[in-house]
Amino acid sequence: MKWLVLLGLVALSECIVIIPMMKMKTLQEVVLEEIKPKYFLEEQSYSLSQETTLDHKFSSHPLRKILNMAYVINITIGTPPQEFQVIIDTSSSDLWVSSIYCQSASCCKHLRYNPKASSSFQSGDGKHINLRYGCGRITGVLATDTVRIGRLIAKSQTFVLSMNQLSGALEHASYDGMMGLAHPSLAIHGTTPIFDNLNKNRIISEPGFAFFISSWPQKSSLLMLGGVDHAYHKGALKWVPVTQAHLWQIAVNHISMNKKVIASSGGCQAILDVGSSFLFGPTDIVRSIQRSINPSPIQNEHQLILCNSTMTLPPVIFTINGMDFPMSHKYYIQKVSKDICFISFHGGTEYISPSETWVLGDIFLRAYFTVFDRNKNKIGLAPSV
């Protein structure tokens, strides 16, 4: 997930969701030692290879949840197909996978693309590519091959063969690569992102995609490409214009709780990002919100809260394009043990933008089924089922 590359700032990947969690463990080591891994290691039991189809140009693909933080999908590359699990990211536009040429120790843990085993492989110009993320850096070279997402086939798709995966959480990633679904302006110069390839060649019937991020273990999260299955939302979609054709960025009027504005009093920008786990905003504002939600913190850490005190918490309301999108406590409060919960607001966006900016990650997207319309450059939101 690259963040605000247009501002010339350091890119942010999905791995930012790992950084706050690591920090929280450090601050609250004694408390969090009691947290059982099962609360985070929820992985759906359904097969990633299953696919539902409403018509031959629209397909719906199940997503697997990793560490309650990110979502991966199965794709194949090459002829015959080589299968990979790639993280879905709406704040970057490039596709990369580990390759047999990658010498990082982390690459040995992943499925690695072998160009020698594909009859449809075409090499690039040999120029080295650097992709920077908030938790590390990918170096590699460009290649071209056939990429399949279920029944959707993107021929002559350019992607990055990872030669090295450096720094932090990327070295410990449990996926084989990343597939970006942001606008082509964020892609490597001269390359066409996979979504644009599918759209340009009319492999999909509509220039859009949608996400259903499930809140229930028994129900699969889904990526819909080329159309929308309206069975996954309640009521009509409410449409919001995208303010910049780079990231999926929108304007927010204000954020309120208990009829009181708690953020964005003069309006702000927000990025809808499937690659981020939580709700990110300016640190000072986030701390104020945490203190308001949790006046009696655990070990002086306002992010940690006793679960039995959360039932009466009011919804946080995001007013967007003049419309209210309430998010109840069952979304912004996450349970990590029998008695301890944490508040899913995190700071840090002041480092990527001088003006107030928010990132509405999976916490928000679980509450709202989301449609990304590339044709009219707008986003549709409706309560998830």
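Reader: How many cavities of 30 Å³ or more does a search of the whole structure find?
Author: One. A cavity here is a set of points on a 1 Å grid over the protein atoms alone, where a 1.4 Å probe fits but cannot get out. Grid points are joined across faces, edges and corners, and a volume is the space filled by probe spheres set on the points.

Reader: What volume does the largest cavity have?
Author: About 70 Å³. This is a predicted model, where local features need pLDDT of at least 70, side-chain atom pairs count only at pLDDT 80 or more, and totals for chains, interfaces and linings use all residues. Residues are numbered from 1 along each chain as its sequence is written, and side-chain values use heavy atoms, with hydrogens and water left out.

Reader: Which residues are the closest to the centre of the largest cavity?
Author: D94, L95, T158, F159 and T191. They belong to the 14 residues that line the largest cavity. A lining residue has an atom within 4 Å of a point.

Reader: Where does the largest share of the lining come from?
Author: Strand β8, residues 152–166, gives four residues. Strands are DSSP runs of E, at least two residues, numbered from the N terminus.

Reader: New topic. How many disulfides does the search find?
Author: Two disulfides. The cut-off is a pair of cysteine sulfur atoms within 2.5 Å. A disulfide is a covalent bond between the sulfur atoms of two cysteines.

Reader: Which cysteine does C102 form a disulfide with?
Author: C107, with the sulfur atoms 1.9 Å apart. The torsion about the S-S bond of C102 and C107 is about 60°, so this disulfide is right-handed.

Reader: Is C102 buried or exposed?
Author: Buried, at a relative accessible area of 2%. Buried means under 20% relative accessible area, exposed over 50%, and partly exposed in between, with a 1.4 Å probe and protein chains only. C107 is buried too, at 0% relative accessibility.

Reader: Where does C102 sit?
Author: In the loop between β5 (95–98) and β6 (122–133).

Reader: And what does C307 join to?
Author: A disulfide joins C307 to C341, S to S 2.1 Å. The torsion about that S-S bond is about 110°, so the disulfide of C307 and C341 is right-handed. It links distant parts of the chain, 34 residues apart. C307 is in the loop between β18 (304–306) and β19 (316–320), while C341 is in strand β22, residues 340–343. Both C307 and C341 are buried.

Reader: Rings next. How many aromatic pairs does the search find?
Author: 17 aromatic pairs in the whole structure. Rings of Phe, Tyr and Trp (its six-membered ring) pair if their centres lie within 6.5 Å. Planes under 30 degrees apart count as stacked, over 60 as edge-to-face and the rest as tilted.

Reader: What kind of pair do F84 and Y113 form?
Author: A tilted one, 6.5 Å centre to centre with 55° between the planes. F84 is in strand β4 (residues 82–89) and Y113 in the loop between β5 and β6, so to speak of the chain, they are 29 residues apart. F84 and Y113 are both buried.

Reader: Which residues form one aromatic cluster?
Author: F195, F209, F211, W248 and F372.

Reader: Which ring does K378 lie over?
Author: The face of W239, at 4.4 Å from the ring centre. K238 lies over the face of F325, at 5.7 Å from the ring centre. A charge sits over a ring if NZ of Lys or CZ of Arg is within 6 Å of the ring centre and within 35 degrees of the ring normal.

Reader: Backbone now. Where is the peptide bond that is cis?
Author: From T79 to P80, with omega near 0°. P80 is in the loop between β3 (70–77) and β4. Most residues other than glycine have a negative phi, and most peptide bonds are trans.

Reader: What is phi of N258?
Author: Near 55°, a positive value in a residue other than glycine. N258 is exposed, at 61% relative accessibility. S264 also has a positive phi, about 55°, but S264 is buried, with a relative accessible area of 2%.

Conventions. 1 Å grid on protein atoms, 1.4 Å probe; cavity = no way out; pocket = protein on both sides within 12 Å on 5 of 7 lines; lining within 4 Å.
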